Amino acid sequence: MSVLIRPLAESDSVDWRRLWRAYLAYYQTALPDAVYDTYFARLLGDDPQDYHGLIAEVEGRAVGLAHFLFHRHGWSVENVCYLQDLYADPEVRGTGVGRALIEAVYAAADAAGSPRVYWLTQDFNETARVLYDRVGRLTPFIKYERAP
């Protein structure tokens, strides 16, 4: 199976929404349409603070996505790359789509002079963690966030 990874385009709106809705559903989250509209616009924007979007295709069909951004970090001179969202349709998991998306983010980070790429996942995401253990290094950090 051949996987094509390419930048997100305006014409991907319907496929992107389908994929991102499925990604959010996995994490038991739903968001208002205004968030979808804003995020998609940011993924296509040219502001240096905007996210970058990638689409994975198999036989011309969108089957996965990745969103990432570059930001400053207090412990390095270079920007770091945060892989915000990564998703592959269930029927293509285990076929190399996720790995291809991560490797495309690694390549984008290298091209931008950003030596560090990091991401988060939930501890119960066992299927993805099998891949992450192959392409990344588990850190000992525990995430906290502001309480409501």
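How do H3 and H4 lie relative to each other? They are oblique to each other, and we'll come back to that pair once the ground rules are out of the way. What you're looking at is a predicted model, where local features need pLDDT of at least 70, side-chain atom pairs count only at pLDDT 80 or more, and totals for chains, interfaces and linings use all residues. Residues are numbered from 1 along each chain as its sequence is written, and side-chain values use heavy atoms, with hydrogens and water left out. Helices (H or I, at least four residues) and strands (E, at least two) are DSSP runs, numbered from the N terminus.

Back to the opening pair, then. Helix H3 covers residues 97-111 and helix H4 covers residues 126-135; their axes come within 10 Å and cross at roughly 40°. Axes here are lines fitted to C-alpha atoms, for helices over the stretch in contact, with angles running from 0 to 180 degrees between N-to-C directions. Angles under 35 degrees count as roughly parallel, over 145 as roughly antiparallel, 65 to 115 as roughly perpendicular, and the rest as oblique.

Who touches whom? On the H3 side, Gly98, Arg99, Ile102 and Tyr106 meet Leu131, Tyr132, Arg134 and Val135 of H4, where contact means heavy atoms within 4.5 Å. The residues of this contact split into 5 nonpolar, 1 polar and 2 charged. For that count, Ala, Val, Leu, Ile, Met, Phe, Trp, Tyr, Cys and Pro are nonpolar, Asp, Glu, Lys and Arg are charged, and the others, Gly among them, are polar.

H3 also holds Asp110. Asp110 is exposed, at 59% relative accessible area; exposed means over 50%, buried under 20%, and partly exposed in between (1.4 Å probe, protein chains only).

Now hop over to helix H1, residues 13-26. It has 14 residues and reaches 20 Å from first C-alpha to last, close to the 20 Å expected at 1.5 Å a residue (that is, 1.5 Å times one less than the number of residues). Within H1, Trp16, Arg17, Leu19, Trp20, Tyr23 and Leu24 are buried. Their cover includes helix H2 (33-44), along with strands S2 (52-58), S3 (61-71) and S4 (80-88).

The axes of H1 and H2 come within 11 Å and cross at roughly 120°, and that makes H1 oblique to H2. This crossing is right-handed. Among the H1 residues that meet H2 are Trp16, Trp20 and Leu24, and their H2 partners include Tyr36, Phe40 and Leu43. In all, the contact divides into 8 nonpolar, 1 polar and 4 charged residues.

Finally, some loops. Gln28 lies between H1 and H2, and its phi is near 55°, a positive value in a residue other than glycine. Gln28 is exposed, at 76% relative accessible area. Glu59, in the loop between S2 and S3, likewise has a positive phi of about 55° without being a glycine, and counts as exposed at 79%. Arg72, in the loop between S3 and S4, is exposed at 76%. From Arg72 to Ala30 is 42 residues in sequence and 29 Å in space, C-alpha to C-alpha.

Terms used:
A crossing is left-handed if the near helix is turned anticlockwise from the far one by less than a right angle, and right-handed if clockwise.
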